[in-house]
Amino acid sequence: MRKNRPWLYVLFWILISFLTLFPIYWLFVISVKPAVDLFSTPDILLKNIYWQNYIDVLNDRTLRGYMVNSLVISSGNALLCTTLGFLACYALSRFDMGGKESIFFWTITNRMAPPAVFLLPLFLLMTQVYKVGDFTLLDTRIGMILVYCTFNLPFAIWTLRPTVDGIPKELDEAAYVDGASAWKVITEVVFPLARPGLAVTLILTWVFAWNEYLLAATLTNFNARTLTTGLSEYVTTTGTEWGIMAAISVFTLIPALIVFGMVQKHIVAGLTFGAVKG
Amino acid sequence: MHSNKLGWLLLAPTLLVLFFFGVLPFIYVVYVSFHQWNPFAVNPDMVFNWAENYRRVVFDTQFLASLGVTAAFVFFAVISELILGYLLAQAFMKDFPGKAIFRTIHTLPLIMAPIIVGSIWKLMTTPSIGIIPNLLDSWFGYDLNIGQSAIAAFITTVVMDIWHWTPLVTLTLIAALVSLPPDPFEQAQIDGANKRQIFWHITLPMIRPAILATVFIRLMDALRTVDEVLMLTGGGPGSATRYVGVHIFKEVFPRTNYGYGSAISVIVLYLTIVVCWLLYVGLIAPRNKKG
C-alpha cells in the first residue's frame, strides 16, 4: 500500500485528460479545415490552419446579431440576478421575517423543475397574458433576461446566502448607530465585503445564461435569438457545413473557457446547490 | 434593528420575478390542461373538457415510449458515471505530480454548454467526418452509424453524458474522500482487513451521504437532458433517443395543441416531483434518521 508508483498514476491521468481534451481538440480541427478536406480520411494532426470558417461566421450579419443578443441577455440577466439575489439574501439574513426559511427553500424548487416543462406555459403567458397593447415579451431581450431569472435567481440566492450570512451583523449595527440609512449600510458596508462572492455569482450566472438553449429556441424568433440557437439553426438548414458549425461552437465556447480559471473552484459547489464544496 | 417591512421590500423584486415566471406559468398551464384549445384549429376557442387531455396522455404510446427510453438513458448514464467517478476519485487520492493540472482538465467539461457538447459529439461520431466511426471501422470493421442504428445512437448519447458529467461525480466524491478521518482505516489495517473489506465496511458507509447526494443531483439533471441529445441525434433514429424533454420540444410544442401540450407538461412535472420525492424518502431520509 505504502509503496505506490506515482508515475503510474500520472500515466493514468494523462490518459483520462486525453479522453477529456480530445473531443474539444477535434472541434477545433474541424473548424480550421476547408470543406473539401473534411471527407478525406480524418487526420488527427493539423497540417495547415484555415481561418475562413471563422471569418465567414464573423461576416455573417445574422450571426453577429445573435452574438450581440447573447452578450446583452447574459450580461443583463447576470447583473439582474446578482443584484436581486444580493438584496434578497440581505433580507433573509438580517431580518426576522416569518416563514423566511420556507421562502428560501421554495426558491430552489424553481430551479429543480425540468426546463422542457416551462416551454409551453412561458410561451402561452408571453404571447397571451404578459402584453401591453401589441407589445409582448416574446422574442425580446428583456423577456429573455426575465425568463432566465427562473433558474439563475434561485442559484444566485443559494450561492450568496453563505456570503452574506458570513458578514458580521455587528458591522451593520455599528453603522446604524452612527446614523447610516439602510441603503448606505447595504451599499457601503455589506457590498464591499460581499464582493468576492458576488463576483463568482455574477460569472456563473453569466455562463449559465450564455449556455442556455431550450428556452431561447422556443421563446425567440429572430430579434432576440442567441448564439446557441444560431448553432442549431445552422445545423438543420445547412447541415453539411460542418466547418461553420464547428466555428460557431468555438465562438460559443470561448467565453466559458476564459472565465473557467476564475471560477473553477466554485463550479462543483454551484452545480450541486452547495451540497459539495469543490 | 429595522422593521421587517424593509426586509419584505428587499425581497419583493425576487418574489415578484419568481412568481410571474416560475409560479404563474404553472397555475396557468394547469388551467389550460383542462381545456380543448388549439388556436389554429377550426374551432380556435378554449373549451373546457374535463380530464380528456389527461386521458389521452396516459394512452399516448409515443409519450410512454419516450418515458421508457428516458428511464433507460438515466439508468445507464448515472450508474456508469457513479462507478467511473468513484474509481477516478480513488485514483486521485494518492500523491503524484501534476494533480492540480489533471483536476483542472477534468473539471473542464462541466462549464461547457450542453448544446456545444452535443455539437462536439456530433462532429466526433458523424460517419465520414467523425473520428470515432473511422477508427471503429479500420480497427474492428464495425460500422457506427448513429443516424441509422437505434442502439448505436442510444449508446452514443450515454457515452456523451458520461463524458460531460462524470467529472461532477469524481469531484464530489474526491471532496467526500478527502474529508474522511484516517483513524478507522488505520485501525482496520492493524486488524488485518483486506482492501475489499475496507471498501464495503468502512469507505462505503462513510461516503454514503455524498454518494446519495450525487446520485440525487445527477438523476435530476439526467432526467432533464435535452440540448445535447437534440443536437447529436435530434431524438432519432425514429424515437430511439427521444427522451422526455426532447419529445416535448420536438413533438408536443410545435403542434399548437395547447390543451394537450399543457397536460403533458403538468404530468412530466408531476412525475419529476414524484421521482424526486421517492428518491428523497427512499434514499436520503432513512440515512439521516439513523445517522
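How much of residues 63–279 of chain B is helix and how much is strand, and how far apart are the end C-alpha atoms? Over this stretch chain B is 76% helix and 0% strand, with the end C-alpha atoms 23 Å apart; helices (H or I, at least four residues) and strands (E, at least two) are DSSP runs numbered from the N terminus. The model is predicted: local features need pLDDT of at least 70 and side-chain atom pairs count only at pLDDT 80 or more, while totals for chains, interfaces and linings use all residues. Residues are numbered from 1 along each chain as its sequence is written, and chains are lettered from A and ligands numbered from 1 in the order in which they are written.

**Chain A**

- Chain A has twelve helices and two strands, and its elements run α-α-α-α-α-α-β-β-α-α-α-α-α-α from the N terminus on.
- Along the principal axes, the C-alpha atoms of chain A fill a box of roughly 75 × 75 × 30 Å.
- Of the 278 residues of chain A, 47% count as buried; a residue is buried if 20 or more other C-beta atoms, placed from the backbone, lie within 10 Å of its own, exposed if 12 or fewer, and partly exposed in between.
- Among the contacts in chain A with a separation of 6 or more, 74% join residues 24 or more positions apart; two residues are in contact if their C-beta atoms, placed from the backbone, lie within 7 Å.

**UniProt annotation of chain B**

- An unreviewed UniProt entry lists residues 63–279 of chain B as "domain: ABC transmembrane type-1"; such annotations may be inferred rather than shown by experiment, feature names are shortened, and positions are given in the numbering used here.
- Under "transmembrane region", the unreviewed UniProt entry lists residues 7–31, 63–88, 100–121, 150–178, 198–220 and 263–285 of chain B.
- Residues 7–31 of chain B are 100% helix and 0% strand, and their end C-alpha atoms are 33 Å apart.
- Residues 198–220 of chain B are likewise 100% helix and 0% strand, with 31 Å between the end C-alpha atoms.

**Contact between the chains**

- The contact takes 74 residues from chain B and 72 residues from chain A.
- Helix α1 (residues 4–33) of chain B supplies 18 residues, the largest share of the side of chain B that touches chain A.
- That side of chain B divides into 52 nonpolar, 18 polar and four charged residues; Ala, Val, Leu, Ile, Met, Phe, Trp, Tyr, Cys and Pro count as nonpolar, Asp, Glu, Lys and Arg as charged, and the others, Gly among them, as polar.

**Helix α5 of chain B and its partners**

- Helix α5 (residues 114–125) of chain B packs with helix α7 (residues 150–178) of chain B at an angle of about 125°, their axes 11 Å apart; axes are lines fitted to C-alpha atoms, for helices over the stretch in contact, and angles run from 0 to 180 degrees between N-to-C directions.
- α5(B) and α7(B) are therefore oblique to each other; angles under 35 degrees count as roughly parallel, over 145 as roughly antiparallel, 65 to 115 as roughly perpendicular and the rest as oblique.
- B:Val117, B:Trp121 and B:Thr125 of α5(B) make the contact with B:Thr156, B:Met160 and B:His164 of α7(B), and by class the residues are three nonpolar, three polar and no charged.
- The axes of helix α12 (residues 242–271) of chain A and α5(B) come within 10 Å and cross at roughly 145°.
- On the α12(A) side, the contact is made by A:Trp242, A:Met245, A:Ala246, A:Ser249, A:Thr252 and A:Leu253, and on the α5(B) side by B:Ile116, B:Ser119, B:Ile120 and B:Leu123.
- The contact of α12(A) with α5(B) has seven nonpolar, three polar and no charged residues.
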